[in-house]
Amino acid sequence: VPGAKSTKHKKERDLIGLAGDQLCLFTAEADVEEEVKISNKVLRTMARVTVHSDIQDGHLYILKKWVCDYILYDKNISAIKGELLPILVKKQFSKSKPKTDNLDCDNAKRTILDFVPENMNTAGGKTLYGCYAFLTGPCLRVNTVPVYWEANKRAKGSQVHPQAKVGEKAQLTDCMVGMNCIVSDKTTLTGVCLGTGSRVEEKVRLSNCVVMENVVIESGSNIEDSIICDNCIISGKSSVKLTILGRGQKTAEGAEMISQLVLDSDRMMEV
């Protein structure tokens, strides 16, 4: 993975319990000490629950309006995944709460059960409402550099935009070349994603790299296993390996960079 070797990326995993497609358990692995506890109420309601540790939460949620009303009411809810979902999953196995008059509701703190509409039993009447998971094929949540790097590796193929200009003597293998790119002759590109408007000059070797938009790579440079962000300039005869260059960076002539993370001190990396 490109970047400084000292950077440590923590892998996040969730424990997700499913009975068919109904969500019965949702908790982060970091919040579990030694044992996964499933209430007797869940076990009595569902004949069988399978707990998965290899399912990735895609952070795409479809919520009923009454759930949104509860979020607006409870100002302590600041995160859907970490705070709202565990409550929703747990409380679906509760019994319906008798409705009280408006005066009592104003004086007492309301819970999520106060927002559930009447006569909303689901799953054959087993639960008060239903929380469901839609399982899809391979999916990556790109929120860290290692996952971003893996996503680009999986997305690689051979595709050159019709408006890109590629020299007849340029050698491209498993590369994706964007619109308005210019790839000069006597260049070798292998496993490269080249963003819109980027220019690769002669005698350049690119291997296993992500090059974003409007990047200029000058003659004689060699770049391997690196991420080059928008508007960077790689000066002539530079050698860049396992490095991340942030937006708008420029290397010195003949620079040698290995396992570096180069960003402006006042600007975050944009991907």
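**Rings, a helix and a sheet**

User: Which ring does the charged end of R110 sit over?
Analyst: The ring of F115, with the charged end of R110 4.3 Å from the ring's centre. A charge sits over a ring if NZ of Lys or CZ of Arg is within 6 Å of the ring centre and within 35 degrees of the ring normal. R110 also lies over the face of Y73, at 5.6 Å from the ring centre.

User: What kind of model is this, and how are residues numbered?
Analyst: It is a predicted model: local features need pLDDT of at least 70, side-chain atom pairs count only at pLDDT 80 or more, and totals for chains, interfaces and linings use all residues. Numbering starts from 1 along each chain as its sequence is written, and side-chain values use heavy atoms, leaving out hydrogens and water.

User: Back to rings. How many aromatic pairs does the structure hold?
Analyst: Three. Rings of Phe, Tyr and Trp (its six-membered ring) pair if their centres lie within 6.5 Å; planes under 30 degrees apart count as stacked, over 60 as edge-to-face and the rest as tilted. Take W66 and Y129: their centres are 5.1 Å apart and their planes stand at 65°, so this pair is edge-to-face.

User: Where do W66 and Y129 lie?
Analyst: W66 is in helix α2, and Y129 is in the loop between α4 (102-107) and α5 (145-155). The two are 63 residues apart, so the pair links distant parts of the chain. Helices (H or I, at least four residues) and strands (E, at least two) are DSSP runs, numbered from the N terminus.

User: Are W66 and Y129 buried or exposed?
Analyst: Both are buried. Buried means under 20% relative accessible area, exposed over 50%, and partly exposed in between (1.4 Å probe, protein chains only).

User: What about Y70 and F115?
Analyst: Their ring centres are 5.6 Å apart and their planes are at 65°, so Y70 and F115 are edge-to-face. Y70 lies in helix α2 and F115 in the loop between α4 and α5, so the pair ties together parts 45 residues apart in sequence. Both Y70 and F115 are buried. Ring pairs also link Y70, Y73 and F115 into a cluster.

User: New topic. Which residues of helix α3 are buried?
Analyst: In α3 (residues 80-91), the buried ones are K81, L84, L85, L88 and V89. They cover an arc of only 125° around the axis, so they are on the same side of α3. That arc is taken from the directions from the helix axis to the C-beta atoms.

User: Why do residues three or four places apart point the same way?
Analyst: Because an α-helix has 3.6 residues a turn.

User: Which residues are exposed on the other side of α3?
Analyst: G82 and K90.

User: And what covers the buried side?
Analyst: The cover includes β1 (14-19), β2 (22-28) and α2 (65-73). Contact here means heavy atoms within 4.5 Å.

User: Now Q92. Is it buried or exposed?
Analyst: Q92 counts as buried, because its relative accessibility is 0%. Q92 is in the loop between α3 and α4. Not counting residues up to four places away in sequence, Q92 touches Q22, L23, C24, T127, L128, Y129, G130 and C131.

User: Last one. How far is E35 from F115?
Analyst: Their C-alpha atoms are separated by 32 Å, and E35 and F115 are 80 residues apart along the chain. E35 is in the loop between β2 and α1 (40-45). E35 counts as exposed, because its relative accessibility is 60%.
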